[in-house]
Amino acid sequence: MTWNPGDDMLVVQRAPQPGAAGGAYRTFGETLRGLKTTMARLFEGPKTISYPEEKVPVYPRFRGRHRLHRFEDTGLEKCVGCSLCAAACPADCIRVVAAENTPENRVSAGERYAAVYEINLSRCIFCGYCEVACPFDAITMGHDYEMSDYNRSDLIFTKEMLLDEPLERTPLRNEGE
Amino acid sequence: MTVPLPLAEVGFVEPWWVQLIKSVILFAIAVQIVPIVLLAERKLLARFQHRYGPNRVGPMGAAQPLADIIKLATKEDFRPSTSIGFLYALAPVISLLTAFAAFAILPFGDVANVFGQDVGLYGLDVGIGVLYVFAFGAIAFYGLMLGGWASGSKYSFLGAMRAAAQLISYEVAMGLSLVGVLMMAGTLSLPAIVEAQSNVWYIVPQFVGFLIFLVSAFAETNRAPFDLPEADAELVAGYNTEYGGAKFASYFFAEYVNILVVSGIAVTMFLGGWQLPFVDPPGFLDPFVVFAKIFLFVFLFVWIRATLPRLRYDQLMSFGWKVLLPLATLNALVTAIVVVAVS
């Protein structure tokens with residue numbers, strides 16, 4: 001007794017009836033079809049991206065390791081040591097100690113500057129809230145994601161490390177790519 | 001020249017020193033071919049899955065098998081505390097021994113003149129030919145069985161049980177599938193069977209037998225889709241779960257030599273051995289022709305492995321006994337009738 005799907009059903013897909021000769025023929029045919037499928041994969045060639053040699057370009061808004069910025073014309077640091085980034089940080093990984101700028105020793109454009117600016121990257125969750133909180137765009141999320149290290153203390157990035165250019169540029173994906 | 005020996009008739013006999021040199025060379029060839037098959041399998045399997053495969057050690061990963069073997073050979077030689085020491089060490093040796101012994105009778109060419117000395121390009125042309133292979137195939141069970149039993153582990157034991165059941169059921173169908181060829185050739189000697197195929201390869205009249213042989217060959221060598229004895233997903237690794245280091249390498253090696261032997265038997269029985277259609281290559285090319293054909297089978301082994309999922313245990317059993325065995329019997333029967341009717 002086969003199941004009646006109703007009059008409004010036009011096409012019912014049913015599994016083939018099991019049968020000795022027909023079943024064997026179908027099994028054989030399906031096996032050949034499977035072999036054809038895998039053979040086609042062989043000719044397509046590998047899709048692997050050999051990671052350390054080739055890198056997948058990141059998107060422009062990729063949130064990688066932080067960067068601190070300077071003004072391009074004067075060379076002064078943009079950061080004024082307001083600690084808003086540290087306040088916004090949900091992982092509590094930013095430590096800012098501010099100091100007063102003096103006429104002899106002018107570091108930033110504002111009244112104060114960050115004497116100590118440390119980001120503990122082993123705690124950072126790369127949420128980008130520090131970037132959003134910064135009133136002067138002094139801290140942004142860069143594109144680097146290769147930050148593994150042998151030592152936990154090596155992952156605490158100081159102000160000098162964050163201000164410097166990264167050692168190796170991460171490839172960036174262009175618009176529409 | 002037929003020389004009667006206590007155990008079997010031998011078709012062609014060289015002086016003892018030629019036989020010694022020949023056995024060393026054959027052994028060396030088997031040992032050299034296995035890493036190539038190993039690398040070919042890993043590379044091909046990777047390409048079937050859109051990967052590169054091993055490409056770090058040496059140019060294009062060519063030294064990968066060497067690195068693997070060095071790694072395995074330098075590992076600690078351990079054994080589980082529940083194992084039976086002597087059998088545990090003996091089992092991989094049996095596997096390896098039988099695999100190499102079966103390799104000895106593969107014919108790679110006719111009798112050739114090498115430096116003024118007639119040399120048969122095979123280990124031995126025994127009159128019992130295929131039976132010799134099956135005899136050593138049967139002893140090879142002991143390697144798997146003892147390995148699983150002596151490990152003293154439940155997964156090894158389950159794997160060994162499966163291996164025993166599977167190998168015994170498929171050996172019957174395998175033997176019967178070759179009966180057709182033997183009846184057509186009228187001899188058991190492998191070089192003579194190759195000679196008998198000078199007009200037409202036996203794959204044409206014996207196509208059903210070839211398919212049955214191929215399927216049971218996959219089961220005999222524990223290859224996917226019949227790799228139930230090692231079924232890594234269910235049984236960890238079956239009979240070689242508790243093996244490591246050089247002992248594991250022996251099992252591994254034996255498996256690949258078995259693939260070569262089974263491919264070689266298939267080439268000899270169905271694909272005309274060293275003969276090529278339409279052209280008659282010079283004698284020194286014979287071994288290369290055979291190896292090219294063997295590598296076709298190795299490719300097929302990898303291709304099937306990349307395609308088909310593993311069978312369920314009851315499917316395996318019912319397929320072996322209810323499909324392959326009757327089919328092989330029928331094939332032998334029909335061949336017998338045809339052979340008698342024609343002659």
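This is a predicted model: local features need pLDDT of at least 70, side-chain atom pairs count only at pLDDT 80 or more; totals for chains, interfaces and linings use all residues.
Two strands pair if DSSP finds at least two bridges between them. Helices (H or I, at least four residues) and strands (E, at least two) are themselves DSSP runs, numbered from the N terminus.

Residues are numbered from 1 along each chain as its sequence is written, while chains are lettered from A and ligands numbered from 1 in the order in which they are written.

Let us begin with a sheet in chain A. Its 3 strands form an open sheet in the order S2-S3-S5, with antiparallel pairing. Strand S2 (94-100) and strand S5 (156-157) of chain A are at the edges; each has a single partner strand, so one side of each has no neighbour in the sheet. S2(A) and strand S3 (residues 112-120) of chain A run antiparallel and are joined by 7 bridges. If you look for Arg95(A), you will find its bridge partner, Glu118(A), in S3(A).

Now turn to chain B, whose secondary structure comes to 11 helices and 4 strands. Its C-alpha trace spans about 60 × 50 × 50 Å along the principal axes. The radius of gyration, taken over C-alpha atoms, is 20 Å for chain B, which agrees with the value near 20 Å for a compact globule of 343 residues; the globule rule is 2.2 Å times the number of residues to the power 0.38. Of the 343 residues of chain B, 45% count as buried, meaning that 20 or more other C-beta atoms, placed from the backbone, lie within 10 Å of the residue's own.

Helix H9 (residues 245-270) of chain B has 26 residues and reaches 38 Å from its first C-alpha to its last, close to the expected 38 Å (1.5 Å times one less than its number of residues). Because 22 of its 26 residues are buried, H9(B) is largely enclosed by the rest of the structure. After H9(B) comes Gly272(B), with a positive phi near 70 degrees.

Finally, see where the chains meet. In all, 9 residues of chain B are in contact with 11 residues of chain A, contact being C-beta atoms, placed from the backbone, within 7 Å. Helix H1 (16-48) and helix H10 (286-307) of chain B each supply at least two residues of the side of chain B that touches chain A, and H10(B) gives the most, with 3 residues.

Key:
Two residues are in contact if their C-beta atoms, placed from the backbone, lie within 7 Å. A residue is buried if 20 or more other C-beta atoms lie within 10 Å of its own, exposed if 12 or fewer, and partly exposed in between; C-beta atoms are placed from the backbone.
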